Amino acid sequence: MDHKKETASLLQQISDELDQFTTNDTNTGLLGGYAGCALFYAYYYQITSRDEHLVKVHEIIQKCLQALSEEPMNGSHCSGIAGVAWCIQHLITMGFIEEDDMSDAFVDIDVIVSDFMEAELSVGRNDFLHQGLGTALYFLERLPNPTAQTHLEKIVSHLKNTAITVPTGITWKDQFSSNSLEQKDRNLFNMGLAHGVPAIIAVLARIYEKGIAVDTIAPLIEGSVKWLLAAKKPGGEKGHSLYPVMVDDANEIVNEAHSRLGWCYGDLGIATTLWGAGERLQRNDYKEEAHNIFKNIAQFRDVKNGAVHDACICHGSAGIAHILQQAAIATGDPLLKEGATDWLQTTLQMNTWTDGPAGFKFYHHPNYTNSYNVLEGIAGIGLSLISFLDTDTKPAWGNCLLIS
């Protein structure tokens with residue numbers, strides 16, 4: 001079925017809704033605020049060539065720059081300075097902003113982000129979205145700046161020094177989830193891409209790809225992937241996740257054995273991590289395992305067993321559709337292409353809310369709420385839809401979620 005006309009119409013609705021949101025919203029964050037909406041307009045401009053979308057990119061960035069100079073903001077990737085600055089860097093790379101206009105600002109941002117990074121990592125706060133690890137993406141985008149390389153080397157050194165050796169490999173203690181915070185004396189290991197070890201592997205692989213600290217990174221990735229694969233559940237039932245959400249030192253599952261299907265937690269993020277590491281380290285065994293996970297998702301996971309309640313990028317149908325589509329392009333597997341199309345159709349069928357932006361709402365248990373941002377709202381849904389209309393442009397925006 002050809003969904004192009006319906007997708008194009010929905011993108012126009014999303015654009016109209018975001019016009020007002022980006023003008024009035026006061027949350028500057030990349031993933032949780034208005035900054036990330038600049039990514040939507042930039043990629044939307046590439047398929048429409050309409051000047052109004054280009055103007056919107058510049059308006060949002062000007063608003064971001066004013067906020068950076070006037071408002072207190074932490075250094076995190078999701079809602080802080082690192083993420084906003086990553087967005088600006090990404091738009092420079094795309095040719096939407098002149099680099100010379102930002103050179104002085106980045107010198108100041110480097111200091112703020114590095115201070116946040118070191119403070120967080122020094123106490124083992126490795127969470128990608130909200131703690132120290134996510135700063136790596138900002139410094140990766142700053143390369144070949146020598147200051148950026150220095151800070152990336154520091155991140156690698158920290159991860160080497162804080163890695164925990166267990167019988168199945170090496171891993172890193174979770175200090176973000178409620179389980180871990182309630183059991184501070186127990187080593188628990190998070191298997192979600194948003195907050196756990198897969199994000200560490202994905203970041204290390206990106207640093208390795210840039211030729212930085214490769215001799216240190218290679219054994220870290222090998223040991224942590226070995227640990228990750230060893231946590232796979234034996235003889236899983238069809239429709240159930242292949243991997244759990246969290247394990248302990250002995251690889252015993254903590255709490256629920258079955259994981260939701262989404263970017264943030266579950267098999268989809270693990271497969272994405274393994275494929276990316278396989279590409280960057282030229283490990284076909286990692287890619288083969290990733291491909292098998294993607295095929296299992298395409299064949300056996302659905303809205304019900306995946307606990308999919310909305311269309312968001314984080315843990316909704318648009319995120320699943322986008323990741324499966326990119327996996328289909330990478331592998332050439334028609335099964336994955338069919339799965340991506342099915343999840344696209346699911347996304348298009350979820351805009352049923354008469355009082356929701358572009359017909360969508362975000363499920364925030366136990367209620368549905370209006371959301372406009374990249375992670376939970378229509379900006380992220382829009383970016384996913386654009387990738388289906390424009391298969392010629394690499395959706396490099398996915399790097400902000402470790403999925404490119």
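Axes here are lines fitted to C-alpha atoms, for helices over the stretch in contact, and the angle between two of them is taken between N-to-C directions, from 0 to 180 degrees. The exercises below concern a predicted model.

**Exercise 1.** Determine how the axes of α1 and α3 are oriented to one another, and which residues meet between these helices.

*Solution.* The axes of α1 and helix α3, which covers residues 51-70, come within 10 Å and cross at roughly 25°. Angles under 35 degrees count as roughly parallel, and therefore α1 is roughly parallel to α3. The sense of the crossing of α1 and α3 is left-handed. As for the contacts, Ser15, Leu18, Asp19, Thr22, Thr23 and Asn24 on the α1 side meet His53, Lys56, Ile60 and Lys63 on the α3 side.

**Exercise 2.** Describe helix α14 by its span, its start and its buried residues.

*Solution.* Helix α14 comprises residues 334-348, and its 15 residues reach 21 Å from the first C-alpha to the last, close to the 21 Å expected at 1.5 Å a residue. At the start of α14, a side-chain oxygen of aspartate 333 comes to within 2.8 Å of the backbone nitrogen of leucine 335. Among the buried residues of α14 are Leu336, Gly339, Ala340, Trp343 and Leu344. The buried residues of this helix, α14, pack against α1 (4-24), α12 (284-300), α13 (317-331) and α15 (378-389).

**Exercise 3.** Decide whether serine 180 is buried or exposed, and name what it touches.

*Solution.* Serine 180 lies in helix α8, residues 178-182. Buried means under 20% relative accessible area; serine 180, with a relative accessible area of 5%, is therefore buried. Not counting residues up to four places away in sequence, serine 180 touches Asp174, Leu188 and Met246.

Technical notes: Residues numbered from 1 in each chain as written. Predicted model: local features only at pLDDT ≥ 70, side-chain atom pairs only at ≥ 80, totals over all residues. Heavy atoms only, no water. Helix = DSSP H or I, 4+ residues; strand = E, 2+ residues; numbered from the N terminus. Expected span 1.5 Å × (residues − 1). Buried < 20%, exposed > 50% of the residue type's maximum accessible area, 1.4 Å probe, protein only. Contact = heavy atoms within 4.5 Å. Polar contact = N/O pair within 3.5 Å; in protein donor to acceptor, adjacent residues only side chain to side chain. Parallel < 35°, antiparallel > 145°, perpendicular 65-115°, else oblique. Left-handed = near helix turned anticlockwise from the far one by under 90°.
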